Amino acid sequence: MKIGDITRGKKGSRVVGINNKLETSVASIAKNSIHEKIIKEHGEEIIQEKFAAGKQKFEEVSGSQEYNFGDAFSCEVHKKHYIFLVMSELNSPTHPTVGKEQLLEAINRFFHNQDGIEIDQGILYFPVIGTGAGGNCMSQKEVICEIVRQFVLFIKREGNRTNRIKDLNIVVWRKNLHSIDWDNMVKEVDAIVAACGNCNTVSAL
């Protein structure tokens, strides 16, 4: 287990949960979220530019302006690589929320329907999404196990044909580090990973 900050460092791609309206104004972003931190770090204007390009890509593929849970686009901002993943619903201009079915769909579709997404050097940093103030639909343990489960299924499906994800790092918010029963967590994750043998690296950050 490692302790760190998902927004630091230059290697790898960082998954960032976003709302289904692709709204980037600070007023519409959950407080203390990774999305808010990235906007503050890089500036709202450049993030809006990246989102505009992401919207264009979505519309070219789907032919509509509807964004589904699990849709994602990747981009680089100031030499850092991000993957913005639709995982919450913007019910009002300032209130993004996520339910269990929406969260499960987002995690599932990320691994199984996003083969075109670029992942920097095969290194993926995936936070425990959906457990903040707007979520509360699944526990951190449930989300971590679901991320690992879908990653394992992805590897089993792809076999040796892909190096898209070589190293999966699940990121836990520092202040929540001691609220998780890690002994239990490790046993469950080990059982899931054992289903595909010694296929890849899974670690907690």
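**Stop one: a histidine at a helix end**

Start by selecting H112, which is buried because its relative accessible area is 17%, under the 20% cut-off. Keep in mind as you go that this is a predicted model. H112 belongs to helix α3, which covers residues 100–112. Now show what surrounds H112: leaving out residues up to four places away in sequence, H112 touches Q150, L153, F154 and R157.

**Stop two: one side of α1**

Next, select helix α1, residues 34–42, and colour H35, E36, I38, I39 and H42, which are buried. Where do they sit around the axis? They span an arc of only 165°, so they end up on the same side of α1. The general rule behind this kind of pattern: an α-helix has 3.6 residues a turn, so residues three or four places apart point the same way. Step off the end of α1 and you land on G43, which has a positive phi, near 100°.

**Stop three: N19**

Now jump to strand β1, residues 13–19, and pick N19. Buried or exposed? N19 is buried, with a relative accessible area of 2%. Beyond its neighbours within four places in sequence, N19 is in contact with S28, I29, V86, S88 and L90.

Finally, show the side chain of N19. It reaches the backbone nitrogen of K21 at 3.1 Å, and one of its polar atoms lies 2.9 Å from the backbone nitrogen of E23.

Definitions and conventions. Residues numbered from 1 in each chain as written. Predicted model: local features only at pLDDT ≥ 70, side-chain atom pairs only at ≥ 80, totals over all residues. Heavy atoms only, no water. Helix = DSSP H or I, 4+ residues; strand = E, 2+ residues; numbered from the N terminus. Buried < 20%, exposed > 50% of the residue type's maximum accessible area, 1.4 Å probe, protein only. Contact = heavy atoms within 4.5 Å. Arc of directions from axis to C-beta. Polar contact = N/O pair within 3.5 Å; in protein donor to acceptor, adjacent residues only side chain to side chain.
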